[in-house]
Amino acid sequence: MKQDIELKDIQALPMYHSEIITTEYLDIMGHMNVRWYISLFSRAVTGLFNEIGMTEEYFAPGKAGSFALRQFINYLAEVRLGEEVSIHTRLVDSSEKKIHLVHFMVNESRQVLSATMEALLSHADLVLRKTSPFPPEISSRIDSLVAEGRGLPWPPPLSGAIEA
């Protein structure tokens, strides 16, 4: 990541997941395997969804859901056994059906940025199996988070390949 973003600025973003890395997360080289990055970022999405109203209860009837449409991960510093990581999230943009965001994985134990994931997510009608508009109350919460992200004095690290 070429941009110089202060760690304190990232840590000021909403944190949607935190975890201490156990042996099951390690690969044969003794650091966290790439599959766990996706898992931890996914757990942060669950935290974000809870904040905007897309809770377990919301999904329970089986009519609404979410699709992951695009993801770009940058691995910046390895994560090792016993280290604590936290996932902070900045919403970059949204549309009637989609959210564009950047997750930041901070290694709290070493105070370094370990990875970023830029993602495009959508609301889904699970009956039709198609993207669908967010309900107004959820859309309003998303809009607030996007506005907060846009109000920050530093640009998010973007691939240039995603638009909401």
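Trainee: Starting with aspartate 9: is its place buried, exposed or partly exposed?
Mentor: Aspartate 9 is partly exposed, at 25% relative accessible area. Buried means under 20%, exposed over 50%, and partly exposed in between, with a 1.4 Å probe and protein chains only.

Trainee: Before we go on, what kind of model is this?
Mentor: This is a predicted model; local features need pLDDT of at least 70, side-chain atom pairs count only at pLDDT 80 or more, and totals for chains, interfaces and linings use all residues. Residues are numbered from 1 along each chain as its sequence is written, and side-chain values use heavy atoms, with hydrogens and water left out.

Trainee: OK. Which side chain does aspartate 9 meet in a salt bridge?
Mentor: Lysine 8, at 3.5 Å from N to O. A salt bridge here is a side-chain nitrogen of Lys or Arg within 4 Å of a carboxyl oxygen of Asp or Glu. Lysine 8 is exposed, with a relative accessible area of 57%.

Trainee: How many salt bridges does the whole structure have?
Mentor: Five. One of them joins glutamate 78 and arginine 80, at 3.9 Å. Glutamate 78 is partly exposed at 37%, and arginine 80 is partly exposed at 40%.

Trainee: And what does glutamate 83 pair with?
Mentor: Arginine 110, through a salt bridge of 2.8 Å, N to O. Glutamate 83 sits in the loop between strand 2 (64-75) and strand 3 (84-94), and arginine 110 in the loop between strand 4 and strand 5 (112-125), so the bridge ties together parts 27 residues apart in sequence. Helices (H or I, at least four residues) and strands (E, at least two) are DSSP runs, numbered from the N terminus.

Trainee: Is glutamate 83 buried or exposed?
Mentor: Buried, with a relative accessible area of 11%.

Trainee: Switching to rings. How many aromatic pairs are there?
Mentor: Five. Rings of Phe, Tyr and Trp (its six-membered ring) pair if their centres lie within 6.5 Å; planes under 30 degrees apart are stacked, over 60 edge-to-face, and the rest tilted. Phenylalanine 104 and tryptophan 154 form an edge-to-face pair, 5.9 Å centre to centre, with 70° between the planes.

Trainee: Where do phenylalanine 104 and tryptophan 154 lie?
Mentor: Phenylalanine 104 is in strand 4 (residues 98-107). Tryptophan 154 is in the segment after helix 4 (136-150). The pair links distant parts of the chain, 50 residues apart. Both residues are buried.

Trainee: What lies over the face of tryptophan 154?
Mentor: Arginine 90, at 4.5 Å from the ring centre. The rule wants NZ of Lys or CZ of Arg within 6 Å of the ring centre and within 35 degrees of the ring normal.

Trainee: Which residues form an aromatic cluster?
Mentor: Phe49, Tyr58 and Phe59 form one.

Trainee: Now the core. Which members of the largest one touch the most others?
Mentor: Met32, Leu40, Ile52, Leu91, Met105 and Ile142, out of 30 residues. A nonpolar core is a set of buried Ala, Val, Leu, Ile, Met, Phe, Trp, Tyr and Cys residues joined through side-chain atoms within 4.5 Å. Helix 2 (34-52), strand 3, strand 4, strand 5 and helix 4 each supply at least two residues. Helix 2 gives the most, with nine. Another core, of ten residues, lies apart and includes Ile5, Val102, Phe104 and Trp154.

Trainee: What does leucine 91 touch?
Mentor: Not counting residues up to four places away in sequence, its contacts are Leu48, Ile99, His100, Leu101, Ile142, Leu145, Val146 and Gly149. Contact means heavy atoms within 4.5 Å.

Trainee: Backbone next. Where is phi of glutamine 111?
Mentor: Near 55°, a positive value in a residue other than glycine. Glutamine 111 is in the loop between strand 4 and strand 5. Arginine 129 also has a positive phi, near 60°. Arginine 129 lies in the loop between strand 5 and strand 6 (130-131), and counts as exposed at 54%.

Trainee: Last one: which side chain does serine 132 join in a polar contact?
Mentor: Histidine 123, at 2.8 Å. A polar contact is a pair of N or O atoms within 3.5 Å; within protein, one must be able to donate a hydrogen and the other to accept it, and residues adjacent in sequence count only if both atoms are side-chain atoms. The serine 132 side chain also reaches the backbone nitrogen of aspartate 125 at 3.2 Å. Serine 132 is buried, at 11%.
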